[in-house]
Amino acid sequence: MPPTWGRSRSMARRAAAAAACAALLLPALAGCDSGGSEEKGSRAAAKPEPSPRPVWNTRPASIASLGDSITRGFDACSVLADCPEVSWATGTQVNSLARQLLPSPETSSWNFAKTGARAADLPRQMQAAIEQKPELVTVLIGANDACRPSPDDMTSAEQFRTHVETAVKELRRSLPKSQLYMAGIPDLKRLWSEGRKDPLGKQVWKLASVCPSMLHDADAQDAASDERRAQVDRRVGEYNAVLKDVCGRDELCRYDDSVHGYAFTGEQLSQWDRFHPSRQGQQTLADMAYKAVTAKR
C-alpha cells in the first residue's frame, strides 16, 4: 500500500503542474489570437482613400490654341491671308476666348494653328504648346482632312483617331493637369448651301480650289454630285464622333458640338471666300467656346 500511495501522490503533483502550465499558456494563446484580429483590422482601416476626380477650372490662366485656318483667322481681314488678330481663340481685335478669360491675353495665350493643317499636324502643334505649359489647350481641326481634291483623298476615320489620340497622350504625359477644349468640325455641307448663294464666293471657290471635295461645281445637283457631298458630310460626322469619344475618355476634356450644329449665315462668312468665318463669325466661335469652357458641370 505505501508504494501505491507514493505513486499516487507523485502523479497528483504532475497533474497539478500540468494544470498550472495550461493556465499560464491559455491567456497567452488567447492574446495572440486577439492581437492578430487587431492587426487585420488595422490593415483594413489603413486602405488608401481613392484619389479625388480632377475638377474643371472655369477660369484657366493661360491658353494655347491648335488647329487650322479657322483658328488663324484666314480670309477674315483680307483676301487669302491669315489674320490671327481676329482669331476666336487668341485674337486681340475681337472679344476672343483669351480676352474673355485672361487678364493679360497678349502674354499668356499662344496660337500654334496653321493654315492648311490636318490632324496629322496636331501632335507637332501639341508639342509646341506643351513648351508653354498652358492651363487650357483648344483644338479645332479636321476640315482640311475632309476638304481634299476628292472624297477618295480624305483622311480615314481610323487615321484621324490615331493622330488625335497621339496628341492627347502627349498632353497628358507632359501636362496631366492641363485642360482640353475640343470643338466639333463645322458643317461643311451647310457652308456649301449658304455660300453658293453668292456668285463672287463661288468664283473664289473655283479659282482658289477651296474645299473641292465639297465645293467643286457648286451648282451641280446631279446624283453623282449629291453623293460626293454626302460622302464628305458622313466623313465629317465620323471625325466629330472620334473627337467626342477621345475627349469623353479624358476627365479634363470638354467636347463642344455647338460649332458643328451652328447655322452660320452670310454675314458670319468671309466676304472673300464665303467659307471661312468672317470677323463676326470668329466672334460667334469665341462666344460658343467661352460658354463651354466656363460652364459649371
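A nonpolar core is a set of buried Ala, Val, Leu, Ile, Met, Phe, Trp, Tyr and Cys residues joined through side-chain atoms within 4.5 Å. Here, buried means under 20% relative accessible area, exposed means over 50%, and partly exposed is in between (1.4 Å probe, protein chains only). The structure above is a predicted model, in which local features need pLDDT of at least 70 and side-chain atom pairs count only at pLDDT 80 or more, while totals for chains, interfaces and linings use all residues. Residues are numbered from 1 along each chain as its sequence is written, and side-chain values use heavy atoms, with hydrogens and water left out.

Let us start with the chain as a whole. It has twelve helices and five strands; these are DSSP runs (helices H or I, at least four residues; strands E, at least two), numbered from the N terminus. Of its 297 residues, 45% count as buried. The chain exposes about 15500 Å², and carbon and sulfur atoms supply 54% of that area; accessible areas come from the Shrake-Rupley method with a 1.4 Å probe, and for residues only the protein chains shown count as cover. A contact means heavy atoms within 4.5 Å. Among the contacts in the chain with a separation of 6 or more, 71% are between residues 24 or more positions apart.

Now step inside. In soluble globular proteins, nonpolar side chains tend to be buried together. The largest nonpolar core of this model has 65 residues, and the members that touch the most others are Trp88, Leu180, Tyr181, Met182, Leu188 and Phe275. Helix 10 (residues 223-248) gives the most to this core, with seven residues. Leaving aside neighbours within four places in sequence, Leu188 is in contact with Ala143, Ala146, Cys147, Cys211, Met214, Val232, Val236 and Phe275.

A disulfide is a covalent bond between the sulfur atoms of two cysteines. In this model a disulfide is a pair of cysteine sulfur atoms within 2.5 Å, and a search of the whole structure finds three. Cys147 and Cys211 form a disulfide with their sulfur atoms 2.0 Å apart. Cys147 lies in the loop between helix 5 (143-146) and helix 6, and Cys211 in the loop between helix 8 (199-207) and helix 9 (212-215), so the pair ties together parts that are 64 residues apart in sequence. Both of these cysteines are buried, and with -80° about the S-S bond their link is left-handed.

Cys77 and Cys83 form another disulfide, with 1.9 Å between their sulfur atoms. The torsion about their S-S bond is about -65°, so this disulfide is left-handed. Cys77 is partly exposed, with a relative accessible area of 30%, whereas Cys83 is buried, with 5%. A disulfide also joins Cys247 to Cys253, S to S 1.9 Å. Cys247 and Cys253 are both buried, and their link is left-handed too, with -110° about the S-S bond. If you number the bonded cysteines of the chain in sequence order, the pairing is 1-2, 3-4, 5-6.

Next, find helix 4 (residues 122-130). Its buried residues are Leu122, Pro123, Gln125, Met126, Ala129 and Ile130. They cover an arc of only 160° around the axis, which puts them on the same side of helix 4; the arc is that of the directions from the helix axis to the C-beta atoms. What covers these buried residues includes strand 1 (63-67), strand 3 (136-140), helix 6 (157-174) and strand 4 (179-183).

Rings of Phe, Tyr and Trp (its six-membered ring) pair if their centres lie within 6.5 Å; planes under 30 degrees apart count as stacked, over 60 as edge-to-face and the rest as tilted. A search of the whole structure finds three such pairs. One of them, Tyr262 with Phe264, is edge-to-face, at 4.9 Å centre to centre and 75° between the planes. Tyr262 counts as partly exposed, at 29% relative accessibility, while Phe264 counts as buried, at 4%.

Finally, turn to the backbone. Most residues other than glycine have a negative phi. Leu80, in the loop between strand 1 and helix 2 (97-101), has a positive phi near 55°. At 52% relative accessibility, Leu80 counts as exposed. Asp217 also has a positive phi, of about 50°, although it is not a glycine. Asp217 lies in the loop between helix 9 and helix 10 and counts as partly exposed, at 46% relative accessibility.
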